[in-house]
Amino acid sequence: MLATRYSLLTTLFPVKRLLDFCGALLLLLVLSPLLLGLAVLVRVKLGTPVLFRQRRPGQGGRIFTVVKFRSMREARGTDGQPLSDAQRLTPFGLKLRASSLDELPELWNVLRGEMSLVGPRPLLVEYLERYTPRRRGATTCAPA
């Protein structure tokens with residue numbers, strides 16, 4: 001049974017990858033005016049950089065850089081340390097996150113083959129050591 005499932009997955013992987021690539025490309029083209037508008041809004045409301053990049057574990061535990069629209073200010077306390085997330089998150093950033101529009105640039109990661117349109121959510125790299133065997137099994141496919 002397991003061998004059959006593995007065989008089916010390896011057979012369908014190129015099809016899934018092609019669908020991911022075509023879907024991401026189409027979505028990027030169709031949504032490009034929205035992406036441009038959001039980039040301008042992020043630039044005006046939060047400044048630069050417009051994009052937030054963070055290292056995440058992907059398929060097979062390989063580390064890749066996820067790209068999102070920035071939703072927090074670059075604010076630091078008097079001690080030079082970043083303020084808490086709650087203090088740095090703006091009302092605009094909150095709306096961006098609530099609507100998941102901050103994640104639209106991840107389509108670029110899908111296009112590059114680092115993520116998929118459907119799959120497990122990529123957690124932070126520091127959580128890798130805490131993965132349960134079941135969660136580790138989720139790294140056999142590309143995150144979404």
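Helices (H or I, at least four residues) and strands (E, at least two) are DSSP runs, numbered from the N terminus. The structure is a predicted model, in which local features need pLDDT of at least 70 and side-chain atom pairs count only at pLDDT 80 or more, while totals for chains, interfaces and linings use all residues. Residues are numbered from 1 along each chain as its sequence is written, and side-chain values use heavy atoms, with hydrogens and water left out.

Two backbone features are located in loops. In the loop between helix H3 (91-98) and helix H4 (106-111) lies Ser100. The phi angle of Ser100 is near 65°, a positive value in a residue other than glycine. Relative accessible area is classed as buried when under 20%, exposed when over 50% and partly exposed in between (1.4 Å probe, protein chains only). Ser100, at 40% relative accessibility, is accordingly partly exposed. The other feature concerns Pro49, which is placed in the loop between helix H1 (2-46) and strand S1 (51-57). The peptide bond that joins Thr48 and Pro49 is cis, with omega about -5°.

Charged side chains were examined for salt bridges, defined by a side-chain nitrogen of Lys or Arg within 4 Å of a carboxyl oxygen of Asp or Glu. Under this rule the count is five. One of these salt bridges pairs Glu103 with Lys68, at 3.9 Å from N to O. Glu103 belongs to the loop between H3 and H4 and Lys68 to strand S2 (residues 63-69), so the contact ties together parts that are 35 residues apart in sequence. The relative accessibility of Glu103 is 22%, which makes this residue partly exposed, whereas Lys68 is buried, with a relative accessible area of 9%.

Lys68 also meets the side chain of Glu106 in a salt bridge, again described by an N to O value of 3.9 Å. Because Glu106 lies in helix H4 and Lys68 in strand S2, this pair ties together parts that are 38 residues apart in sequence. Both Glu106 and Lys68 are buried.

A further salt bridge is formed by Glu114 and Arg112, whose closest N and O atoms are 3.0 Å apart. Within this pair, Glu114 is buried, with a relative accessible area of 19%, whereas Arg112 is exposed at 52% relative accessibility. Through salt bridges that share partners, Lys68, Glu103, Glu106 and Arg121 are joined into one network.
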